[in-house]
Amino acid sequence: MIKDDCIFCKLANGVFPTNTVYEDDDFRVILDAAPAAKGHSLILPKQHTDNLYETDDAELAKLLPIAKKVAKALKKTFNCDGVNIVQNNEPAAGQTVFHLHVHAIPRYTGDNVGLGWPQNNPDADEQAMIAADIASNIE
């Protein structure tokens, strides 16, 4: 499905011009309009789903190999020290456009691109209980 009021559907399907770096029958990869780093790319499925939870497993299986291709191209193009592959779901996790998409961001040692989080020191018994709770909800 393509959603008429979704900007990423329009970008993914060529309604608006983009700086496209890769395209196949199911995905278009474009440069981000507000990049965190030079070469920051968005992997956009051409079919609309709001987020990871709603996306068919077969579609998701196609996504990671494209992310790998893009990451390798970013490394080759920019000689960067690493690449973040980032996918956000829902506002609390940073999702601002509700069309599944993946960011591929070239990274350099000391670049100050803010994708980190504080590392905590959890209790081992609590971790075991949390793991059991999560495992009981995996379908």
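Student: Contact means heavy atoms within 4.5 Å. Leaving aside neighbours within four places in sequence, which residues is Asn89 in contact with?

Tutor: Asn51, Leu52, Tyr53 and Gln95. This is a predicted model, with pLDDT of at least 70 needed for local features and 80 or more for side-chain atom pairs, while totals for chains, interfaces and linings use all residues. Numbering runs from 1 along each chain as its sequence is written, and side-chain values use heavy atoms, without hydrogens or water.

Student: Where is Asn89 found?

Tutor: In the loop between β4 (82-86) and β5 (102-107). Strands (E, at least two residues) and helices (H or I, at least four) are DSSP runs, numbered from the N terminus.

Student: Buried or exposed?

Tutor: Asn89 counts as buried because its relative accessibility is 12%. The cut-offs are under 20% for buried and over 50% for exposed, partly exposed in between, with a 1.4 Å probe and protein chains only.

Student: What does the side chain of Asn89 reach?

Tutor: The backbone nitrogen of Leu52, at 2.9 Å. The Asn89 side chain also makes a polar contact with the side chain of Gln87, at 2.7 Å. A polar contact is an N or O pair within 3.5 Å; within protein, one atom must be able to donate a hydrogen and the other to accept it, and residues adjacent in sequence count only if both atoms are side-chain atoms.

Student: New topic. What reaches the backbone nitrogen of Asp125 at the start of α3?

Tutor: A side-chain oxygen of Asp123, to within 3.1 Å.

Student: And Val15, where does that lie?

Tutor: In the loop between α1 (7-12) and β1 (20-23). Val15 counts as exposed because its relative accessibility is 52%.
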